[in-house]
Amino acid sequence: MSTLIATKRVDLLAPYLALDQGSKIQAEYIWIDGEGGLRCKTMTLEKAPSSVSDLKEWNFDGSSTGQAPGDNSDVFLRPVAIFKDPFRGGANILVLCECYDNDGTPNKSNYRSHCKKVMDDCKSHEPWFGLEQEYTLFDADGQVFGWPKNGFPGPQGPYYCGVGAGRVFARDFIEAHYRACLYAGVNISGINAEVMPAQWEFQVGPCEGIDMGDHLWMARFLLLRIGEEWGIKPSLHPKPLKGDWNGAGCHSNYSTKEMRTPGKGMAAIEDAIKKLEKKHLEHIAVYGEDNDQRLTGKHETASMTQFSAGVANRGASIRIPRHVGVQGYGYLEDRRPASNVDPYRVSAILCETTLLNN
């Protein structure tokens, strides 16, 4: 493992983290920037907040994050969710924020604002989501983590859910992320090694409404933040390597109260699929960048231009899990979203298409 970009020396930092900070709290404000990346900065609080409403609005230089011009650069941070801080521990917190321009309107990068309105409109349907975040690990030199220098590992086959040296890469990093998510309060439901070596997946959910986007973004922040300490760069690109290697997606499991009702659920699922087919291209437009490199009809993907659906079909746009087909109720899996999709956009459009655009 390269140590060129590792930024944490545990032996140096530990004595300082052990110092008493009194009643004051460190709050890490986190937001999504103009390129779909993550930024953060820290504020000292006099005491621990009892809720998000106790937290101050803050601001930053949006001209340095692709979110504002230099002559009108202030962008405002409005806290929306609190998580425990696994890096500083104690009562310190991570604060997820929305970005607003100085006229009080959502910044162009703020997809959460619209998503929240959609979720409020759909609240009676109780939309649940579970997102499967795939990603690929790279080292400091831009090489896929653990791969032979100037070469390639063996073909795909033994790596998916693999066990053993040469089949699994960076399990310690993945376990650190898993435990950090659990500590922080992220609703992470599992992990597994993926088909391509050094590619992994974690699942977040089930989450209702706006919580889906909040929890997945915080899980992504933790992934990148831990990568600083390992000297590992997680990539959310949907096709990080050309050739006979699987891409990375963010399969989106979705259900409503109607879909989860025994005796009626399958009819609701089939109705939703018909609506999704009619809006296929609109969904593709917001399902992530460079998704055309992934949705080729190969490597367990559907064609980007043709909609399809089926039971237990991992080559379809929409998959109905086998057990859902058997029991007649449950959820559907939208396999089209790329690994770099904004979870606020995918959850919002799923609800808009299936519940609001009748």
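1. Two strands pair if DSSP finds at least two bridges between them. Strands are DSSP runs of E of at least two residues, helices are runs of H or I of at least four, and both are numbered from the N terminus. By these rules β7 and β8 form a hairpin with five residues between them. A198 in the turn has a positive phi of about 75°. The two strands, β7 (residues 188-193) and β8 (residues 199-208), run antiparallel and are joined by five bridges. A193 stands opposite W200 in β8.

2. A word on the basis: this is a predicted model, in which local features need pLDDT of at least 70 and side-chain atom pairs count only at pLDDT 80 or more, while totals for chains, interfaces and linings use all residues. Residues are numbered from 1 along each chain as its sequence is written, and side-chain values use heavy atoms, with hydrogens and water left out.

3. Two backbone details deserve a check. Most residues other than glycine have a negative phi, and most peptide bonds are trans. The bond from G205 to P206 is cis, with omega near 0°. P206 sits in strand β8. A170 has a positive phi, near 65°. A170 belongs to the loop between β6 (128-138) and α3 (171-184).

4. Next, the open sheet. Five strands form it, in the order β2-β1-β5-β4-β3, with mixed pairing. β2 (38-45) and β3 (58-61) are the edge strands; each has a single partner, so one side of each is left without a neighbour in the sheet. From one strand to the next the twist averages 40°; angles run from 0 to 180 degrees between N-to-C directions, and axes are lines fitted to C-alpha atoms, for helices over the stretch in contact. Within the sheet, β4 (residues 74-84) and β5 (residues 93-100) run antiparallel, joined by eight bridges. F76 stands opposite Y100 in β5.

5. Helix α2 (residues 112-121) packs with helix α8 (residues 343-356) at an angle of about 35°, the axes 9 Å apart. On the α2 side the contact (heavy atoms within 4.5 Å) is made by R112, H114, C115, V118, M119 and D121. On the α8 side it is made by Y344, S347, A348, C351, E352 and L356. By class there are seven nonpolar, two polar and three charged residues. Here Ala, Val, Leu, Ile, Met, Phe, Trp, Tyr, Cys and Pro count as nonpolar, Asp, Glu, Lys and Arg as charged, and the others, Gly among them, as polar.

6. The volume of the largest pocket is about 650 Å³, counted as the space filled by probe spheres set on the points, which are joined across faces, edges and corners. α4 (211-230) gives the largest share of the lining, four residues. The lining has 11 nonpolar, eight polar and seven charged residues.

7. There are three cavities of 30 Å³ or more.

Conventions. 1 Å grid on protein atoms, 1.4 Å probe; cavity = no way out; pocket = protein on both sides within 12 Å on 5 of 7 lines; lining within 4 Å.
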